[in-house]
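Notebook open, model about to go up on the screen. I'll jot down what I look up as I go.

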Amino acid sequence: MVVALTTAVLSAALGYALFAFAGRDPRTVLPTSWRVPMALLSGVLAGAGSAITDVLWNLPLVVVLAAFGVVLGAIDAHSKLLPNAILLRFLAITVPLLLLAGVVTANWSGLLAAAAGGAGLFVVYLLLALISPAGMGMGDVKLAAVLGLFGGWAGAAAWMGTLLGGFLLGGLAGIGVLLLRSGSRNSTFPFGPGMLLAALASFVLLG
C-alpha cells in the first residue's frame, strides 16, 4: 500500500510539472483546468500499475510512463501533435532509469532487449509513416521508439502488446470518430493515446 501510494504521488507530481511544457508551443496549449485532473490521473495509473507489477526496479519506469503518457496523450488528443520538448525529456529520463535498473539487477539481456525493442518499434512506425504520411506522423514514430524501450525491457509479450495494442486502440478511436460523424475516411486520428495506453498496460500486465 505504501509503495503504491508513493508511486502515485511521485507520478502525479511529475505529471503536474510536465503540464507546463505543453504551453511552450501555442499549438499544444492545454486548458489550465486540465492540469490537476491530469496529474491525478497520472497518479491513479501509476498507483494501479505499481500494485500489479512485482518488480521493484520497474516502479520508477511506471512512474515515468504514467506521467508522460497522460500529458502526451492529452496533447495528441487535443492537437494531434506530440511535441519534441516532451518526447526528448521522456527519452532522457527513460534511458538512465533503464540503465540503472539493468546495472543494479545485472540484467544485461534486458538492456539489449530494450534497445532492440526501441529500434524495432521505431522501424515499424517509420515504415508506416513513409507509406502513409497522412495517417502517421513523425511524432508517432519518435514516441514509438521510446515506448519500444519499455516493451523490450519488459519482455517479448509486453513488446508485442505495445505494438499490437497501439494499433488496436488507435483503430478503435478512429472508428469511434467516424461513428460519431465528426470525421471522414480521409481524417487523421491521434494514435498517441492508444499507443501510450497499450504500452502502460503491456508493461505492468505482461512484463
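I checked phenylalanine 90 and phenylalanine 150 for burial, and both are buried (buried is under 20% relative accessible area, exposed over 50%, partly exposed in between, with a 1.4 Å probe and protein chains only). Phenylalanine 90 comes out at 0% relative accessibility. I then looked at how these two rings sit: phenylalanine 90 and phenylalanine 150 make a tilted aromatic pair, 5.8 Å centre to centre with 35 degrees between the planes. This pair links distant parts of the chain, with phenylalanine 90 in helix H4 and phenylalanine 150 in helix H6 (residues 138-154), 60 residues apart.

Housekeeping before I go further: this is a predicted model, where local features need pLDDT of at least 70 and side-chain atom pairs count only at pLDDT 80 or more, while totals for chains, interfaces and linings use all residues. Residues are numbered from 1 along each chain as its sequence is written, and side-chain values use heavy atoms, with hydrogens and water left out.

Terms for the above: rings of Phe, Tyr and Trp (its six-membered ring) pair if their centres lie within 6.5 Å, with planes under 30 degrees apart called stacked, over 60 edge-to-face and the rest tilted. Helices (H or I, at least four residues) and strands (E, at least two) are DSSP runs, numbered from the N terminus.

How many aromatic pairs does the structure hold? I get four. One of them is phenylalanine 68 with phenylalanine 90, which is stacked at 4.8 Å centre to centre and 10 degrees between the planes. Phenylalanine 68 sits in helix H3 and phenylalanine 90 in helix H4, so this pair ties together parts 22 residues apart in sequence. Phenylalanine 68 is buried too, at 0% relative accessible area. I also noted that Phe68, Phe90, Phe150 and Phe203 form one aromatic cluster.

Next, helix H5. It runs over residues 108-131, has 24 residues and reaches 35 Å from first C-alpha to last, close to the 34 Å expected (1.5 Å times one less than the number of residues). I listed its buried residues, among them Gly110, Gly117, Gly118 and Tyr125.

Lysine 80 has a phi of about 60 degrees and lies in the loop between helix H3 (59-79) and H4. Its relative accessible area is 47%, so lysine 80 is partly exposed. Alanine 106 has phi near 55 degrees and lies in the loop between H4 and H5. I have alanine 106 as partly exposed as well, at 44% relative accessibility.

On the surface, I found a nonpolar patch of Val55, Leu56, Trp57, Leu100 and Val104, with about 430 Å² of accessible area together. Patches take residues with over 30% relative accessible area and no salt bridge, joining like charges within 9 Å and nonpolar side chains (Val, Leu, Ile, Met, Phe, Trp, Tyr) within 5 Å. Areas are Shrake-Rupley with a 1.4 Å probe, and for residues only the protein chains shown count as cover. Valine 104 belongs to helix H4 (residues 84-105) and is partly exposed at 45%.

Last, charges. I find one salt bridge (a side-chain nitrogen of Lys or Arg within 4 Å of a carboxyl oxygen of Asp or Glu). Arginine 27 makes it with aspartate 25, closest N and O atoms 2.8 Å apart, and arginine 27 is exposed at 57% relative accessibility. Separately, the charged end of arginine 35 sits over the ring of tyrosine 16, 4.0 Å from its centre (NZ of Lys or CZ of Arg within 6 Å of the ring centre and within 35 degrees of the ring normal).
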